[in-house]
Amino acid sequence: MNRPLSPSDEVVDLVSTLIRFDTSNTGEPATTKGEAECARWVAAQLEEVGFTCEYIEAGAPGRANVFARLEGADRSRGALMLHGHLDVVPAEAADWSVHPFSGAVEDGYVWGRGAVDMKDMVGMILAVARHFKRSGIVPPRDLVFAFVSDEEAGGNYGCKWLVDNRPDLFDGVTEAVGEVGGFSLTVPRRDGGERRLYLIETAEKAMLWMRLTARARAGHGSMVHDDNAVTAVAEAVAKLGRHRFPIVMTESVEQFLTAVAEETGYAFDPDSPDIEGTVAKLGGIARIVGATLRDTANPTMLKAGYKANVIPATAEAVVDCRVLPGRLAAFEREVDELIGPDVKREWITNLPSYETPFDGELLEAMNNAILTADPQARIVPYMLSGGTDAKHFARLGIRCFGFAPLRLPPELDFAALFHGVDERVPVDALMFGAQVLENFLLHS
């Protein structure tokens, strides 16, 4: 008699197939493609084992989302949602070692755009969901499986639309897990050994895109012209781009640094002028952790003028602002002081920060599942410098965590793979993650 497939048996094939769907999200509905085809394939994998799925197009044709529910033993408990986005950022094939939409399985990795952001987690969720349904497993409580569109452009045609227009999809959901967390970070122990820390995302910075606008008198480029909109915006952009906002130690960041200090002996003194130098010792993850020590405002776009010899009446810039929890009012005051009264600002994207305590039964279930597979592990909270769909789910009162478990090689610069060239995920890490996710859901 053949042994039933386990999640680890099919997760690699599922992730490889998901990557082969080119779901590149350009940020423009007219040129974004592939989400509907991928979503229908996901629905087919679930329906094949007996799920009933709902397919929803969110706000525009082809912006596809799939939801399915597995009833649990205790219907009185709040449901747990597992969510993953199907879209990916675009990739330029000429820059890659393998084609970014090949899903190649080579050298112990699954390669391609979305391998870590986040078709690895989508594949793990699918593998566990199929296993539970195929085997007749009843989880402790209801599980909601959500596969959504448009996360890479803020979720206007995905989670934002779904939360605003279809809140019924989330009936009874009290907690959720998704990206970007659960992956391992290997740090040196003070006794000379190593410890794998598994980072659970409990917080996210606010994602705020700001437009700066200056207006002045138009004129001829050959004349003396002291009132110049381009100059005003350029000066404001330069001040913002060079400015260093103050270090602010939030609860999740402090807990993360305390845990690292306990393991490594590194001293993370928030009053030290070199705290960022100490954080840099953490390797690739330092780019994420370092960005959660302070607010950031990075100019990304400039727009002015239409002819070389015409001084324009208006000039604009866009600044990508990422703000720590509880810091928005202070951040705005600091920005206004920097740009001055002649440059006006407005928020064109405003996704708030999020933070939840590092405690509770769900965290215990994560910890136990990780320790079962990796007895020398330790879970720690951390803050993501970017944003996820959790920002939208939190508006419904859902408590959100990043938990896509992966045991990674110590030498792998995992943070660099997000939106990077040669994005890839270790085969062993996928099999580990499917095993951990199965254990977690059986005891959550």
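Colleague: What makes you say that K281 lies over the face of Y266?

Modeller: In this predicted model, K281 is 5.1 Å from the ring centre of Y266. A charge counts as over a ring if NZ of Lys is within 6 Å of the ring centre and within 35 degrees of the ring normal, so K281 is described as lying over the face of Y266. R424 is placed over the face of Y109, at 5.3 Å from the ring centre.

Colleague: Why is the pair of F51 and F145 called edge-to-face?

Modeller: Their ring centres are 5.8 Å apart and the planes meet at 85°. A search of the whole structure finds 13 aromatic pairs.

Colleague: Where in the chain do F51 and F145 sit?

Modeller: F51 is in the loop between helix 2 and strand 1, while F145 belongs to strand 6. The two are 94 residues apart, and the pair links distant parts of the chain.

Colleague: How do you know whether F51 and F145 are buried or exposed?

Modeller: F51 has a relative accessible area of 4%, and F145 has 0%. Buried means under 20%, so F51 is buried and so is F145.

Colleague: What makes the link between E438 and H131 a polar contact?

Modeller: Their side chains are joined at 3.2 Å. The cut-off for a pair of N or O atoms is 3.5 Å, so this distance falls within it. E438 lies in helix 12.

Conventions. Residues are numbered from 1 along each chain as its sequence is written. This is a predicted model: local features need pLDDT of at least 70, side-chain atom pairs count only at pLDDT 80 or more; totals for chains, interfaces and linings use all residues. Side-chain values use heavy atoms; hydrogens and water are left out. Rings of Phe, Tyr and Trp (its six-membered ring) pair if their centres lie within 6.5 Å; planes under 30 degrees apart count as stacked, over 60 as edge-to-face and the rest as tilted. Helices (H or I, at least four residues) and strands (E, at least two) are DSSP runs, numbered from the N terminus. Buried means under 20% relative accessible area, exposed over 50%, partly exposed in between (1.4 Å probe, protein chains only). A polar contact is a pair of N or O atoms within 3.5 Å; within protein, one must be able to donate a hydrogen and the other to accept it, and residues adjacent in sequence count only if both atoms are side-chain atoms.
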